[in-house]
Amino acid sequence: MEAMAYRASTRTRIGYILDRETWLGPVMLFPAVLYILVLVGLPFLLAILYSLSDITVGDPSLDFVGLQTIQEVVENPVFQKSLRNTFVFTLVSQALVLVLGKILALALSTEFRGKWIFRFLILLPWTTPIALATISWLWMLDSVFSPIDWMLRAMNLLGPGAPLGPAKNLYWLGKPELAFFSVILVHTWRMLPLATVIMVAGLTSIPQDIKDAVAVDGASFWRALFEITIPLMLPIMAVATLFGVIFTFTDMIVIYVLTRGGPIDTTQVLSTWAFFKGIEGGNLAQGAATALFLFPVLLGVAVLILRFARRAEVA
Amino acid sequence: MKDKKKQSIFSRRDFLKGAGTLGVAFGAGPILAACTPAVAPIPTPVGVVPTPTVPRLSGELKILVWSHFVPRYDEWFDAFAKDWGAENGVTVTVDHIGLAELRSRTAAEISAEEGHDIIELLDPPADFEPSVLDLTDLNQEAVNRFGPQVALCTRSTFNPTTNVFYGFCHGWVPDPGDYRKSLWEQVGFPNGPSTWEELLEGGAQIKEQLGVQMGIGMSNEIDSNMAGRAILWSFGASIQDENENVVINSPEAVAAVEYMVQLFQRAMTDEVFSWTAASNNQLLIAGQASYILNSVSAYRSAQKAQPEIADDVFFTPSLTGPGGIGLASEHVIPISIIPKFVQNPDAAKEFLLHLVANYDKAVFESELYNFPAFFSTAPNLLREGGWLDDDPFRSNPRNKLDVLKTAEQWSTNIGYPGPANAAEGEIFATFVIPNMFAKAARGELSPADAVAEAESLINPIFAKWRAEGLVGGGS
């Protein structure tokens with residue numbers, strides 16, 4: 001009897017807490033806040049401390065050197081090149097992802113035979129482990145044994161007297177411009193499925209009565225796209241872009257596997273350079289300082305995009 | 001430190017006993033081989049040399065090593081380590097990871113102050129010195145037992161600035177030139193090139209007449225780093241001098257870069273800028289390379305995948321430059337460190353001594369990839385009629401690898417003519433040298449400007465590590 005009374009009073013107390021927004025909000029947010037503090041906040045704080053010190057992989061003691069490490073990082077021409085490459089790599093690949101994602105989303109929003117296999121193929125790059133997928137691309141883009149080159153040679157587009165040049169191969173990862181193009185291509189291929197899925201969700205969220213009104217008014221495809229569909233999808237496109245930018249800015253797998261930042265550091269980005277300098281080279285302070293440069297950019301991008309999304313939503 | 005030393009020292013008599021057992025155990029192998037036809041099963045060294053008077057050990061020993069290029073080596077090593085543990089009351093665990101993950105894993109364990117008792121890296125781990133045990137006692141004991149260590153091994157584990165042995169080197173891997181005999185015969189070099197000038201002359205003719213390029217990488221990876229250093233050294237240039245002062249900006253370095261520009265333009269293709277650690281193997285096996293710089297691993301792969309190509313592959317020692325100097329970098333160098341956090345350093349040291357005592361077996365199981373740091377421990381390798389004269393892994397002809405008998409004379413350490421150090425390590429990891437050559441080869445910078453730019457990247461790295469107290473020079 002006492003036990004039942006105790007259980008009833010406990011239920012009442014829990015119900016009381018759950019009914020009060022001042023309690024429920026913090027309780028629901030707590031796991032997320034804890035996660036961010038432990039797995040994001042703490043490493044971020046450590047990165048700041050490291051970048052103000054002369055720490056190395058072999059000597060974890062923190063001797064503060066002020067801004068000396070950051071100054072050394074900024075003066076390094078490879079860092080400057082990496083910073084530039086990071087922006088170009090992110091902007092170009094995200095522009096491609098947005099445009100191609102939108103096209104695929106429109107295609108997927110219509111009904112046609114074999115749609116499921118089309119959808120499966122589009123999602124495949126996202127479900128394949130990225131290291132494995134990038135190694136496959138490494139073989140595809142091999143300087144000597146590339147099957148793409150083989151097909152181009154078979155079509156008489158590559159080789160002596162062919163329009164793409166007399167060499168037997170294009171050397172996808174051996175020429176700076178082609179190497180940069182290749183890493184953008186692979187990264188776009190990898191990011192496209194998620195962007196497509198997000199945009200399909202955005203398309204389906206457009207109310208049917210608006211679509212019907214557009215059809216009744218006889219708006220052309222392009223007019224409906226630019227004046228109705230895209231404006232209504234802007235908030236969700238902004239989220240897709242934000243996710244893509246942050247992911248691209250901080251990721252190093254594609255470049256690490258394909259080029260390791262080469263040739264001549266032309267595909268080096270901040271994340272790979274931080275790894276080579278800080279972990280492989282042992283200069284942990286400079287590695288941390290390099291990685292820190294990602295933060296203000298990402299913060300700025302996040303604020304801008306979220307503000308834009310909010311405005312678009314309100315409008 | 002002295003106490004530890006006392007525990008580990010064994011009498012010379014014990015060592016002689018061990019060496020005698022080694023001789024008896026391995027003596028039978030070559031005799032049997034001599035009595036059997038060429039297709040006989042591969043003779044393997046048998047028996048294990050016991051470590052003399054091992055002190056009482058207990059507890060756990062966790063070992064982290066790379067996944068060897070030769071899988072059978074890993075199988076042998078795992079069983080060897082566990083057998084030693086069983087005999088000495090130590091529970092041994094061996095973990096293998098990929099070569100590329102070794103440094104990041106080590107950094108993580110050092111940072112967490114938790115992990116393996118022995119970590120075997122494949123490049124000089126000089127930057128880890130503050131967090132690892134000074135292994136002077138172990139190195140001295142090894143010299144007492146096994147005789148002198150190969151100089152490049154000592155220079156890759158000893159820091160003369162701090163007077164500390166930060167690692168223990170049990171072996172090293174030579175990096176000869178591999179050439180396709182049938183191609184070089186056609187351009188008048190039946191024994192392959194012997195100088196860098198001949199490499200340029202013959203390689204250019206082969207590419208022009210036979211359409212086969214050569215492959216010396218200029219990319220962000222390990223083989224390109226080693227090739228670039230070999231060319232610098234052979235032209236009389238180096239990154240640092242013997243006292244760890246930066247001397248890269250020299251007429252000799254500019255001449256080396258000018259040479260590489262010629263070599264690229266006349267004998268290579270753009271693939272060398274996308275070179276990876278696997279490129280040597282791929283190209284050699286596909287018959288698409290007239291010359292590469294590699295350990296025997298590429299050749300061993302060819303033996304298994306394309307025996308007819310392997311039969312056509314022969315080896316050269318390091319090519320000589322204009323001054324008659326010819327030096328190659330060790331290909332990789334297995335160096336063990338014992339982090340300061342470990343609970344069982346005595347077991348770790350005893351195991352490493354036991355490994356060295358049995359290095360004949362290690363050399364064999366690696367298919368002659370590993371060379372010993374103490375030549376006395378692998379007598380079957382160099383002796384007249386030994387494995388390099390009569391390859392147990394069926395080279396055709398059987399003495400194809402005999403060029404490696406002199407490998408110690410033409411191989412050196414990263415950092416030559418000085419010691420390996422943390423600054424040289426960071427320069428290696430950030431690909432300064434391959435990019436110096438590549439920028440000139442692609443015409444982005446003149447050779448002189450490429451060298452000057454490399455110097456501007458190298459100087460701050462040396463300054464950083466000097467400030468850490470780990471690198472000398474700078475006066």
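Trainee: How many residue pairs are in polar contact between domain 1 of chain B and domain 2 of chain B?
Mentor: In this predicted model, the count between domain 1 of chain B and domain 2 of chain B is 13 residue pairs in polar contact, both residues being at pLDDT 80 or more. On the side of domain 1 of chain B that touches domain 2 of chain B, helix 6 (151–155) and helix 17 (407–410) of chain B each supply at least two residues, and the residues of that side divide into 15 nonpolar, six polar and six charged.

Trainee: Which stretches of chain B make up the two domains?
Mentor: The domain assignment gives 2–169 + 334–411 as domain 1 and 177–330 + 417–467 as domain 2 of chain B. Between them, 27 residues of domain 1 of chain B are in contact with 27 residues of domain 2 of chain B, and about 2,100 Å² is buried, with 61% of that area on carbon and sulfur atoms. Of the area that domain 1 of chain B buries against domain 2 of chain B, 28% is supplied by B:Glu367, B:Lys400 and B:Trp410, more than by any other three residues.

Trainee: Why is the pair B:Lys304 and B:Glu367 called a salt bridge?
Mentor: The criterion asks for a side-chain nitrogen of Lys or Arg within 4 Å of a carboxyl oxygen of Asp or Glu; the closest N and O atoms of B:Lys304 and B:Glu367 are 3.1 Å apart, so the pair qualifies as a salt bridge. The count between domain 1 of chain B and domain 2 of chain B is two salt bridges.

Trainee: What makes B:Glu109 count as buried?
Mentor: Its relative accessibility is 4%, and because buried means under 20%, B:Glu109 counts as buried. B:Glu109 is found in helix 4 (residues 102–112) of chain B, and, leaving aside neighbours within four places in sequence, B:Glu109 is in contact with B:Leu64, B:Glu114, B:Gly115, B:His116, B:Ile119 and B:Phe341. For chain B as a whole, 61% of the 475 residues count as buried.

Trainee: How do you know that B:Glu426 and A:Lys277 form a salt bridge?
Mentor: The closest N and O atoms of B:Glu426 and A:Lys277 are 2.7 Å apart, and the limit is 4 Å, so this Lys and Glu pair meets the criterion. The count between chain A and chain B is two salt bridges, and there are 11 residue pairs in polar contact between these chains, both residues at pLDDT 80 or more. The elements that give two or more residues to the side of chain A that touches chain B are helix 4 (77–108), helix 8 (176–204) and helix 12 (270–280) of chain A, and helix 12 gives the most, with six residues.

Trainee: How many residues does each chain bring to this contact, and what area is buried between chain A and chain B?
Mentor: Chain A brings 39 residues and chain B brings 36 residues, while the area buried between chain A and chain B is about 3,100 Å², of which carbon and sulfur atoms give 56%.

Key. Residues numbered from 1 in each chain as written. Chains lettered and ligands numbered in written order. Predicted model: local features only at pLDDT ≥ 70, side-chain atom pairs only at ≥ 80, totals over all residues. Heavy atoms only, no water. Helix = DSSP H or I, 4+ residues; strand = E, 2+ residues; numbered from the N terminus. Buried < 20%, exposed > 50% of the residue type's maximum accessible area, 1.4 Å probe, protein only. Contact = heavy atoms within 4.5 Å. Buried area = accessible area lost by both parts, 1.4 Å probe. Polar contact = N/O pair within 3.5 Å; in protein donor to acceptor, adjacent residues only side chain to side chain. Domains from an automatic or database assignment. Nonpolar A, V, L, I, M, F, W, Y, C, P; charged D, E, K, R; others polar.
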